[in-house]
Amino acid sequence: MTSNLFSFEVQSEKNAARIRVLGEIDMAAEQPLVAATSEVLSSGACASVVLDLTGVSFMDSSGLRGVLRCQQMAQTHAVPFKLVVGDGPVARLFKLAGITGQLEYE
Amino acid sequence: MGGLVVGAEERERLRAVQRYDILDSPPDGAFDRITAVAARLFDVPIAIVSIVDTDRIWFKSHHGLAAEEIGRDPGLCASAILGDGPWVVNDAKVDPRTLANPLVAGDFGLQFYAGIPLRTQDGYNLGTLCVIDYEPREVSDAEVATLTDLAAVVMDEMELRMSARRAVGLEAQLRRNAETVADTLQASLIPPAIPAVSGLDVVSRYHVARRDQVGGDFYDVVPTEWGTAVFVGDACGKGTTAAAAAGSARWALHAVMLDEADPAAAMIRLNTVLATSGDMQYVTAAVAAFRRGPDSTEVAVAIGGHPHPLLLRRAGLIETVGITGPIIGWFPDSRYNTALAALQPGDVLVMFTDGLLEAAAGHGETNDRAIREILTPLANHSAAEIADRLDAAIGTDRRDDAAFVVARAL
């Protein structure tokens, strides 16, 4: 089952981009999330990206893959990429997936 | 009228009637409105949408008439469909075409009939839109033109209904195809039957959330020279891509475990294979290696981004087994650890996918408390009894597939 209950807010300040992700990040949200991050990275003037996932109410394996793809893209662009996960469902999913230590946080 | 010879042409026409699948269909407001309009425009008591069948004339709509069909022989519609255009009888009692017709000469007393053939796009007349009166009357060319337009509306409605039926049929066919693909793929994710393994009673279950959408859960039970490997996994995402990744992971792990008794070492090998495939997929898995000792069974467990297997002791205590390592097939340098536990006869290892967590505890749940609560009272039960209780907890209303394997030490 997929939903369209997600949204992104992109803020840029002095070439530092901050993408705030809200709602349910599942199969329906994976590609839009990757596209939004790709757009930020390709804008040229982007020196760092923070993906703020504290507003995510649900994330499944497709959503997690979306986040990992964003991280991979930033790496390809040689742009520092950091996450904010809080202590909600995203933090629990990262723990279950055993990837908490594999990513960088703000 | 006389009996009509059913020639090749009439057989084709009857085939066209069948194609529209309208005979004996329930009343339909759209057709009833058309006959009501026709009756009002012509100021006649009766208006009919008729379909001429093999031996009867069936009325799709019959305004001002109780009968739902009449025999084909006395019916005037059977004559009306023989031509290409309007068939008008102004005064039936004197018209040589109709004066001997029982509907005209008999009690019914029909004296006026104007019918327009309902012509299909490929040129077959299915029946008529007709107006009938008990008095003789004249009709103008304009009135006949109006009736002709209304007959065209009747045909449009019939075409629409046929298209809708075809679309529904096509959709059902597509769904059946999708289900066949899903079933075939799904069958590659699990063994057709659990092999008999020494020292263990193993029961597995697989619950599919949607039959037309294949999921990515997989498991296997592999008898080897060193003991028995059991693993449960889940490929990220849904659909055929996820199922293909799950199938690859299952067989890769199956092959590796044949000569690798250390689950962590097997997981590292699987991770290397999948991480270098470049397919943007990862899987999660819990792998257990069972080896029979002199007085207990030793189980070694490794976990890659997957829910912990639960060890239900014969006395009712529940322990988690294994140390969580990263999801498998994403980071090329992932490392995994093997944890050991000794099983006494009656101890049970339960391995499952996150679909069971969600089904037992709710959407997005990663805590296994609900599963522990189900398992605790099942201490010292058979593997099949435990599986039955987990099945009941999974229920039917799920958004994700769920799979589990219950292995009880004998």
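**Chains A and B, and helix H3(A)**

Chain B and chain A bury about 1,900 Å² between them, 59% of it on carbon and sulfur atoms (buried area being the accessible area, 1.4 Å probe, that two parts lose on being put together, summed over both).

User: Which three residues of chain B supply 28% of the area it buries against chain A?
Analyst: Trp330(B), Thr366(B) and Arg399(B), more than any other three residues. This is a predicted model, where local features need pLDDT of at least 70, side-chain atom pairs count only at pLDDT 80 or more, and totals for chains, interfaces and linings use all residues. Residues are numbered from 1 along each chain as its sequence is written, and side-chain values use heavy atoms, without hydrogens and water.

User: OK, new topic. Which residues of helix H3 of chain A are buried?
Analyst: In H3 (residues 89-97), they are Val90(A), Leu93(A), Phe94(A), Leu96(A) and Ala97(A). Buried is under 20% relative accessible area (1.4 Å probe, protein chains only); helices are DSSP runs of H or I, at least four residues, and strands are E runs of at least two.

User: Why do they line one face of the helix?
Analyst: Down the axis of H3(A) they fall within an arc of 160°, so they line one face; the arc is that of the directions from the helix axis to the C-beta atoms.

User: And what covers them?
Analyst: The cover includes strand E3 (48-59), helix H2 (61-76) and strand E4 (81-84) of chain A, together with strand E14 (324-325) of chain B.

Terms used: Chains lettered and ligands numbered in written order. Buried < 20%, exposed > 50% of the residue type's maximum accessible area, 1.4 Å probe, protein only. Contact = heavy atoms within 4.5 Å.
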